[in-house]
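Please open the structure in your viewer and keep the selection panel at hand. The tour below goes from one selection to the next and says what is found at each stop.

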Amino acid sequence: MMQNPYVPYKAQIVEIRDEVRGPRPIKTFKMKLVDRERFDYKSGQGCLVSIFGKGESWFTIANSPTRPDLEFSVLKTGKVTAKLHEMKVGDLVGIRGPLGRPFPLDEWKGMNILTIGGGIGQTPLRAIYQYVIDKENDYGDLTIIYGARSSRDLVYREELFKLIEEGYNVHLSIDNPEPGWKYFVGFVPDNVKRIKPEAKNTIAITCGPPIMIKITLNVLKELGFKEDQIYTTLERRMKCGIGKCGKCRIESYYVCRDGPVFSYAELSSMLEKI
Amino acid sequence: MKIVVFACNWCSYAGADLAGVSRLKYPEDVKIIRVMCSGMVNPAWILRAFRQGADGVVIAGCHPGDCHYMVGNYYAKKRYILLKELLNFIGFEDERLKLLWASASEGKKFAEEMAAFKNVVENLGEQEKLRWKE
Amino acid sequence: MNEVEKIREELKKSGAERIVAFVKKENEPREVLAVLSQKDIDKVTFSPLSVNNPAKLLMQLNGKVAVVAKGCDAMAIRQLIKEGKLKRENLFIVGISCRGVIDYRKLSKIEKLSEIREVRLEGEEVVLKMRNGEKRIPFAEVIEENCLYCEHPTPVIYDVLIGEAREGRKDFSDLEKLEKMSREERWEYWISQFERCIRCHACRSVCPLCYCEECIVDPSNLAISPMSTAEDKASYPRLLGKTVNAKDNAIYHIIRVLHHAGRCSGCGECERACPMELPLRKLERKLEKVVKEVFGYDLNEDIPFFSKLDMLGD
Amino acid sequence: MRTSHSSQSLICWVIKMIYEGDFLKDAISNLLARGYKVFAPVKLGDFHLFREVKSAEEADFGYILPRNSAKIAVFPENEVLIKYSSWIDEIPFEETRIAIVGIKACDAKAIKLLDEHFLEGFVDPYYKSRREKLLTVAITCEEPGINCFCQSFGINPRKPEADVVFSRIGGKTFVNAYSDAGKDFLSEFNLRNEGEEEARLRQNFERETLEMRKIEIDVEKLKKSFESSYWKEVAVNCKSCGVCTYLCPTCFCFDIYDEGEKKGVRIRAWDSCQFPLHTLESSSHNPRAEKWQRLRNRFYDKFYYALRKGDYYCVGCGRCIDFCPAGIDIVSVISGVR
């Protein structure tokens with residue numbers, strides 16, 4: 001990490017992909033650092049993307065460190081993200097990172113990996129499944145469960161369809177029926193219930209809207225998952241990214257520094273219920 | 001000098017427009033912000049303008065009784081008086097704030113009033129009291 | 001029966017489930033507001049240290065509430081009724097004809113607070129029941145300055161009145177000193193005051209009339225909803241930041257006070273809450289004066305000041 | 001990371017001296033002459049505030065506690081992090097040495113707690129740049145204020161953890177140094193060693209326990225009553241203002257935002273966990289939307305969450321009690337948890 005953690009690195013946008021269009025668009029930005037080589041990071045860590053005059057926003061790095069450059073999937077939701085969505089390839093932004101505690105992927109070697117995502121929550125999970133795919137020999141089976149409101153709201157749609165074609169264990173779902181939809185219709189937790197993933201020797205990582213996480217946790221417990229087998233990433237308002245400003249604080253944890261990755265065991269030991 | 005004018009869409013903005021079309025000269029320091037009605041000018045905007053470095057602020061609206069929305073300019077005047085009195089009370093030069101009634105046909109009046117107001121502001125010098133510095 | 005007993009009696013008679021009244025604070029002679037039920041009625045107390053305005057607390061409560069209100073509190077309650085924030089039929093107001101309250105900070109300079117056990121008013125004197133014995137000090141020495149210019153010491157709205165109706169003062173002589181200063185002197189005075197402000201927003205938080213869900217100095221409460229778009233939020237005007245400096249503080253206080261023109265009940269909560277002792281009431285008083293003298297508006301009118309059309313000519 | 005002159009216990013020697021004259025004022029003059037930025041209590045009307053002073057005459061020491069805490073010297077209300085236009089133009093740092101004269105034991109301890117926060121993990125360079133250059137000249141307390149409870153945290157108001165400690169005992173001026181920086185500083189003054197009788201006088205003064213409030217902290221009870229309706233009752237009169245947090249010497253929350261579109265500054269300004277916007281996310285989700293949750297958060301922050309680090313995050317200065325407009329009393333609230 002840099003000398004002064006408040007000063008961002010200069011980065012350039014090298015590619016922009018439209019993931020979701022409509023009133024709540026999501027774009028994926030590929031960025032390259034300008035003055036230096038890419039920094040080392042791990043799946044699950046994030047960065048603060050900084051636009052001078054607008055502010056800073058936290059995004060989880062959406063690609064695995066085994067892939068080139070840095071990718072951020074950005075839902076247009078406020079001042080910084082609205083500006084980001086207006087930006088073009090070649091524009092400069094600031095990046096502070098990598099920040100936070102990553103997924104303990106090294107500890108999970110030899111285990112089966114199950115990712116359960118909803119909506120934009122797929123982002124950190126993508127950094128996991130890409131990593132697991134790239135290091136196939138180190139891990140057991142990979143199961144990807146992902147759902148969104150409609151087929152148009154699925155993030156990384158093309159990539160996921162390609163994974164299905166390649167024979168990966170990918171289960172997609174949408175909330176309401178649509179003509180031409182070949183996969184499951186219903187909420188993500190229902191899809192998990194339907195698939196009944198094996199709890200033994202498996203790590204489940206879930207990320208998505210709070211209500212989805214809540215119900216999914218119950219489903220996983222029914223399926224025999226233990227608390228330390230379940231991981232999730234939390235969202236809080238963040239400003240400094242280094243555990244100083246106190247905004248993302250939950251108990252004595254700072255989500256930006258000690259998270260955003262937490263095991264369910266850690267979360268359930270907290271007084272403040274998430 | 002920087003002068004910010006909040007001009008109502010229906011009268012004063014058209015009046016300023018007429019001044020331009022009639023090739024009447026008024027100071028180029030005058031920056032016009034078009035608002036739908038002088039009644040929507042929030043006193044906070046005026047203070048914001050001073051904070052961002054305006055030397056004078058004008059609220060320009062329709063003549064009493066002519067408001068497109070019937071009564072907007074009465075509210076404008078009410079707020080204007082309150083703000084002006086309060087600014088004066090804390091020791092700010094309240095002459096920097098002006099209320100102007102100018103109809104769509106009063107291009108000449110608009111130009112003249114602007115020139116006169118610029119004079120007033122120039123005599124007061126640059127506005128430093130509320131200008132923001134790091 | 002003394003004043004406190006009368007208050008308890010009336011609160012009991014009201015039959016209201018909830019009571020907003022003063023209770024003694026632990027460790028200090030001052031009193032604080034509390035929401036009580038009928039069974040706690042013996043905790044209710046009242047003295048010249050019952051300074052706070054209960055109107056803000058009332059807005060949180062539903063159903064029938066009995067409340068102890070001084071003159072200024074009643075002004076605030078009536079204003080909130082006028083603005084549709086409180087319902088008259090839900091309130092049982094025990095009005096107290098007020099002689100003024102003690103400035104706690106002044107008192108703390110005169111006497112050691114930890115020694116004081118009880119405070120009451122007798123004639124023109126404040127009787128302090130101390131740990132050892134009793135002390136008397138002239139009320140004029142510790143009365144809150146704001147109370148000296150109180151226009152409505154007797155509640156303008158009440159169900160029962162305790163004490164005799166009193167005449168208020170209607171002049172603005174407290175402003176004379178400042179108004180006589182030159183403009184530059186005034187600016188210097190005010191900027192040295194605003195310089196102290198730490199922007200804790202206590203003045204806003206305690207003011208019964210500052211009930212906006214969103215304040216102009218930190219907007220986005222309303223902009224941020226599940227339905228609002230990024231553009232809504234991004235283009236939402238931020239008129240003032242969090243920066244603390246004399247100029248920004250001045251703008252904050254001017255905006256805040258402007259919103260109270262023709263509404264301020266004069267309770268002085270803002271000044272009392274201010275840890276930096278800014279003379280915020282002076283700003284409010286100035287507007288009171290303008291409202292009265294320029295607009296000829298009387299706070300007792302049924303139409304709120306801002307809704308009233310003033311045909312002030314050109 | 002600790003600065004060299006911060007820990008009292010590391011030092012095996014202490015100089016204990018007597019000074020003839022007005023030590024505090026002379027100290028300010030000396031520091032100012034040597035180019036220090038000096039923060040000292042200034043009397044404004046009826047009360048004192050820590051402020052930067054330009055001359056010794058501005059300072060006044062007739063107080064129990066100044067209204068604001070001394071943290072402004074190391075963690076100012078707002079500070080510029082980055083000056084930018086199209087990209088970073090300048091990163092301003094504090095260059096001058098800083099001194100706080102007139103700090104009391106509670107505020108001095110609070111700076112130690114802030115060190116833990118700002119210098120542990122990621123080092124906050126802005127805080128560090130001030131902290132490294134900080135010299136503290138403390139005053140011992142003669143009597144406590146009505147809401148003081150510092151002794152509950154093992155703080156001795158008669159023995160502040162500072163570089164230099166000044167006490168006035170029996171008409172004599174005692175000046176002690178507890179660090180290298182303090183020793184260096186005292187070498188500028190004409191001092192004489194204390195005599196035996198004087199040493200006894202000072203020791204007795206230091207040993208004396210003051211009669212003040214006591215806070216009863218029952219961590220187990222706190223743990224159990226997190227979901228209790230007690231917090232709603234406590235918070236009913238809370239106004240959600242920032243008085244408690246802004247006056248608190250240990251509160252450190254801040255906000256970062258940009259002032260100016262094309263050219264401007266990135267500023268950090270104090271923020272308060274009592275404001276609903278503190279935690280509001282762009283998705284409109286607010287983890288602490290209700291005021292009782294925010295109030296509870298503050299109390300747990302000080303007395304329960306902070307324990308993971310080993311220390312309560314409160315120094316018992318009593319400012320939040322004195323100036324709470326709703327009369328919420330941290331001592332009664334914590335002692336009365338159920």
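What follows is a walk through a predicted model, taken one selection at a time.

**Stop one: a strand in chain B**

Begin by selecting strand E3 of chain B, residues 56-61, where six of the six residues are buried, so the strand is largely enclosed by the rest of the structure. If you show the side chains, you will find that Gly56(B), Val58(B) and Ala60(B) point one way from E3(B), while Val57(B), Ile59(B) and Gly61(B) point the other way. In a regular strand the side chains alternate between the two faces of the sheet.

**Stop two: from chain B to chain C**

**Stop three: chain D against chain C**

Turn next to chain D, of which 37 residues are in contact with 37 residues of chain C. On the chain D side, strand E3 (47-53), helix H8 (243-247), strand E11 (254-259) and strand E12 (264-270) each supply at least two residues. The residues on this side of chain D divide into 17 nonpolar, 11 polar and nine charged.

**Stop four: the largest nonpolar core**

Which residues have the most contacts inside the largest nonpolar core? In this core of 306 residues they are Leu86(B), Val67(C), Ile77(C), Val101(D), Val137(D), Ala138(D) and Val164(D). The element that gives the most to the core is H3(B), with nine residues. In chain A, domain 1 (9-99) and domain 2 (112-233) both give residues to this core, so it lies between them.

For a view of one of these residues, select Ala138(D), which touches several residues beyond four places away in sequence, among them Ile103(D), Ala108(D), Pro160(D) and Phe166(D).

**Stop five: the two domains of chain A**

Select the two domains of chain A separately, and note that their C-alpha centres lie 24 Å apart. Between them, 15 residues of domain 1 are in contact with 14 residues of domain 2. Strand E1 (9-20) and strand E5 (70-75) of chain A each supply at least two residues of the domain 1 side, and by class that side has five nonpolar, eight polar and two charged residues.

**Last stop: a loop in chain C**

Finish at Glu83(C), which lies in the loop between helix H3 (71-82) and strand E4 (91-96) of chain C. Glu83(C) counts as partly exposed because it has 14 C-beta neighbours inside 10 Å. Select Ile303(C) as well: although Glu83(C) and Ile303(C) are 220 residues apart along the chain, their C-alpha atoms are separated by 9.5 Å.

Conventions. Residues numbered from 1 in each chain as written. Chains lettered and ligands numbered in written order. Predicted model: local features only at pLDDT ≥ 70, side-chain atom pairs only at ≥ 80, totals over all residues. Contact = placed C-beta atoms within 7 Å. Helix = DSSP H or I, 4+ residues; strand = E, 2+ residues; numbered from the N terminus. Nonpolar A, V, L, I, M, F, W, Y, C, P; charged D, E, K, R; others polar. Buried ≥ 20, exposed ≤ 12 C-beta atoms within 10 Å, placed from the backbone. Core = buried A, V, L, I, M, F, W, Y, C linked by C-beta atoms within 7 Å. Domains from an automatic or database assignment.
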